[in-house]
Amino acid sequence: MQQELIQLANRLISFKSISPNQAGAIDFIHQYLDNLGFTITRLDRGKTSNLIARIGNQEPIFAYAGHVDVVPPGDIKQWQFDPFTLTSHEGKLYGRGIADMKGSIASFLVALKQFLSNKNNKLPGSIMLLITSDEEAAATDGTIVMVDYLKQNNIIIDYCILGEPTSLDVLGDVIKIGRRGSLSGYLEVIGKQGHVAYPDLCKNPIHLFAKALTELSSITWDNGNDYFPATSFQFTNLNSGLGVTNVIPDNLHASFNFRYNNLHTATQLQNKVEELLKRHQLEYNVKWTESAKPFCTKPGKLIEVVTHSIKQESNLTPQLKTDGGTSDGRFLIDVCTELLELGLSNRHIHQINENIPEEDLVRLCKIYLAILEHIYTQSI
Ligand SMILES: [Zn+2]
């Protein structure tokens, strides 16, 4: 298993699939799955490639979702090894995307081949793969396109695993069962410009906004719940003034972001902020962008099977978390009954010299294989 896995991971790393260009990586997976007897649907759009593969036509449907695109390597001279050649060094595997998330894809593909080649494994259901090349960039032509296709064809996935890197210190110590929402605001506070020596003739937007800023940044929005941390509100930009000391500025620009849990909706948070701005009698304009809704999977068979499989292969019980940035889970949840994320270590993702402990690749492959077996053939 190890040699095949390393070869496959090396092949995937060798495609320079900087988002959203698949650079041959999706074509390679297409061929691999075709050889295993999968029916393939390609939903390529613009520069993005998307692949939906399915074997079996019964329910339940188990799906693995992932992305082949990677972030740029940055300054190649700073890399210890070529980022597009998988390199083993002192117990670690180096390469752009090995953790996020080509290593996970390779592990699943090898587990899948092994599962299907075992004649004792019956498949009273279907297995699907949803692979995109647009996760790291805009994500506008990627998973969302495949989700639309599934909706149009009334396909609901019963159990879905997204292979994003979720592990923290040891492989399998954390699985993500949801993600927080992300809501950004771009605020302009309107004042009246004038000579600093004549404040009565002006409206200073800095002074006007100061109290609202203090209040906004000290609110406890909630205390979190069993699965979500407390909602966080952070100012990210604050600009005002002409760069001189004798003019009161005309306006002030502030931007801020909520990472919020499932105790709120975006509209509720927007209303609370705007009520506060009005109470402070500010004249303002605000634009809102919601880039992700919060979601949390319902507790069921998938969490049970994954927890059991990790315990079997790694002898630890994973923590169920919802922290970190957004993921394509925000789109997939619309077509999945149960969805969670399980993958390699996220310690070095997007970094120069991205790497994982070498033994993790085989272990993840064994965990994925155990999950397939427990979903379809063995009870736990
Ligand atoms: Zn990723």
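Biologist: What makes β1 and β2 a pair of strands?
Modeller: Two strands pair if DSSP finds at least two bridges between them. In this predicted model, 4 bridges join β1 (residues 39-42) to β2 (residues 50-55). That count meets the cut-off, so they are a pair. The two strands run antiparallel. Within β2, I52 is the bridge partner of T41.

Biologist: How do you know that β2 also pairs with β6?
Modeller: The same test of at least two bridges applies. β2 and β6 (residues 126-132) share 6 bridges, so they pair, in the antiparallel sense. I52 has its bridge partner L130 in β6.

Biologist: What holds paired strands together in general?
Modeller: Strands of a sheet pair through backbone hydrogen bonds, either parallel or antiparallel.

Biologist: Why are β12 and β15 said to stand at the edges?
Modeller: Look at the order of their open sheet, β12-β14-β10-β15. β12 (232-240) and β15 (284-292) each have a single partner strand, so one side of each has no neighbour in the sheet. The pairing in this sheet is antiparallel. On average, neighbouring strands are turned by 15° against each other, direction ignored.

Biologist: What makes β12 and β14 partners?
Modeller: They need at least two bridges. They have 8, so they pair. β14 covers residues 251-260, and the two strands run antiparallel. S255 in β14 is the bridge partner of N237.

Biologist: What makes a set of residues a nonpolar core?
Modeller: The members must be buried nonpolar residues joined through C-beta atoms within 7 Å. The largest such core has 77 residues. A63, C160 and L332 have the most contacts inside it. Helix α3 (residues 98-117) gives the largest share, 11 residues. Leaving out residues up to four places away in sequence, A63 touches M128, L129, L130, I157 and C160. In soluble globular proteins, nonpolar side chains tend to be buried together.

Biologist: Which residues does the second, separate core include?
Modeller: Among them are V189, L252, A254 and L269. This core has 15 residues.

Biologist: What makes a residue count as buried, and how much of the chain does?
Modeller: A residue is buried if 20 or more other C-beta atoms lie within 10 Å of its own. Of the 380 residues, 42% pass.

Biologist: How is the chain divided?
Modeller: Domain 1 takes 2-179 + 294-376, and domain 2 takes 181-292. Their C-alpha centres lie 39 Å apart. How do you know that they touch? The contact takes 10 residues from domain 1 and 10 residues from domain 2. On the domain 1 side, 4 are nonpolar, 3 polar and 3 charged.

Biologist: What does the chain have in helices and strands?
Modeller: There are 9 helices and 19 strands. The C-alpha trace spans about 85 × 45 × 40 Å along its principal axes.

Terms used
Residues are numbered from 1 along each chain as its sequence is written. This is a predicted model: local features need pLDDT of at least 70, side-chain atom pairs count only at pLDDT 80 or more; totals for chains, interfaces and linings use all residues. Domain bounds come from an automatic or database domain assignment. Two residues are in contact if their C-beta atoms, placed from the backbone, lie within 7 Å. Ala, Val, Leu, Ile, Met, Phe, Trp, Tyr, Cys and Pro count as nonpolar, Asp, Glu, Lys and Arg as charged, and the others, Gly among them, as polar. A residue is buried if 20 or more other C-beta atoms lie within 10 Å of its own, exposed if 12 or fewer, and partly exposed in between; C-beta atoms are placed from the backbone. Axes are lines fitted to C-alpha atoms, for helices over the stretch in contact, and angles run from 0 to 180 degrees between N-to-C directions.
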